[in-house]
Amino acid sequence: AAGGRARCRAVGSCHTSPSTTALLRRGRETSSSFSSSSSENLRSWVPRSLAKRTQENLFTESGACSVSVQYDPEELVRRNVKNPLDAAKLAVRGFDILFSLGKFFACLKLDDLYGNEAVKSRAAELRETLTYLGPSFIKAGQVLANRPDLIRADYMEELCVLQDDVPSFPDEEAFEIIERNLGRTIGETYSKISKEPVAAASLGQVYRATLKSTGEEVAVKVQRPGVLPTIEKDLVLFRWLAGFLEDYSQRNLGCDAQLIVDEFGEKILEELDYNQEARNIQDFFDNFKGDKFVKIPWVRRDLSGPELITMEWIDGTRCTDPEGIRRRVKVDEFIRVGVVSGLRQLLEFGLFHGDPHPGNIFALDDGRIAYVDSGNVA
């Protein structure tokens, strides 16, 4: 199992599917029935190359290792500096990032020098700066919004806005992407769809629609156009910066800065593969099927694509609205349900939600917890 997961990590995959987990569990149960001497005898006649191929096939055939855009730092550099024009675009992006962040931190320094207490306005300015810089920085802001050990509460509160309220892209572009991925018109698939997105985040935005064939309400998640080239440029620049700061990070933080960038790169590219996310949703749905306390939306994979997901609409209260949750459910019981569902993901299924920030968790009126946005799982 460890070898299989290591291979999946190497190619940028995210998880072991339930079918694979079951096979591995059966394999462990079977292997425990052999004595150590029997194991030695088995090793003597099972070719190592065959065992390795079988293990690799197990993970590949299950769909756990099939992320379309795989993270490879060397290939990213080659793609983004393959000619002078691409190198110039990368340089322009770098200067834009340096200027935007430099301006923000310069203002912070001036506040310190002159004793200005402009925390609320600076927090809003940081959110606006990260939003302007695009998906990679919005993702970073979402992470910081859940790290009270790194930033103060007023900044966290402002950055929480990035979890579900990012400026949207034009609806005309979104509807064009929907039709391109469906291979048919919107009217042939949905009898009704909202004119504007009901939520927008770093990598995409969501519309509320009704399926023409069944009358069921669905959430239609559409990926931002042109997001991949920007993210790739950012990853190249982040990794170069991490290499420059490597000695500092090892001495003062005790970690490898480039490995942190690599982990971030793997996960964000993983989230760009909506086909993979649809598989993740299906796996979560199968794991929690029949659970009285956890709601996972079903997904229509036949109405999904590389830039589109059609899934069940969830009516509930986002955890970004704690007052709304207090009015609708028993908070202590809801917390217990959340803890138990998290432990089941980790200890029972071996597949857990990797991005459970408040914008991705709903409280339902009957006390159940609902998880959405399964692009980042582990």
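Biologist: How do the axes of helix α6 and helix α7 cross?
Modeller: The axes of α6 (residues 84–114) and α7 (residues 119–133) cross at roughly 175° and come within 11 Å. That makes α6 roughly antiparallel to α7, a label for angles over 145 degrees, with under 35 roughly parallel, 65 to 115 roughly perpendicular and the rest oblique. Axes here are lines fitted to C-alpha atoms over the stretch in contact, with angles from 0 to 180 degrees between N-to-C directions. Helices (H or I, at least four residues) and strands (E, at least two) are DSSP runs numbered from the N terminus.

Biologist: Which residues in α6 and α7 meet?
Modeller: From α6, they include R93, I97, L101, F104 and D111, and from α7, R122, L126 and Y132 are among them. Contact means heavy atoms within 4.5 Å. By class, the contact of α6 with α7 has eight nonpolar, two polar and five charged residues.

Biologist: Before I go on, what kind of model is this?
Modeller: This is a predicted model: local features need pLDDT of at least 70, side-chain atom pairs count only at pLDDT 80 or more, and totals for chains, interfaces and linings use all residues. Residues are numbered from 1 along each chain as its sequence is written, and side-chain values use heavy atoms, leaving out hydrogens and water.

Biologist: New topic: how many disulfides does the count come to?
Modeller: Zero, taking a disulfide as a pair of cysteine sulfur atoms within 2.5 Å.

Biologist: Where does V198 lie?
Modeller: V198 lies in the loop between β1 (190–193) and β2 (199–200). V198 is partly exposed, with a relative accessible area of 45%. Leaving aside residues up to four places away in sequence, V198 touches V206, R208 and W313.

Biologist: What does strand β3 pair with?
Modeller: β3 (residues 204–211) has seven of its eight residues buried. β1 and β3 pair in the antiparallel sense over three bridges, where pairing takes at least two DSSP bridges. β2 and β3 are antiparallel too, over two bridges, and A199 has V206 as its bridge partner in β3. With β4 (residues 217–223), β3 pairs in the antiparallel sense over seven bridges, and R208 stands opposite A219 in β4.

Note on methods:
Nonpolar A, V, L, I, M, F, W, Y, C, P; charged D, E, K, R; others polar. Buried < 20%, exposed > 50% of the residue type's maximum accessible area, 1.4 Å probe, protein only.
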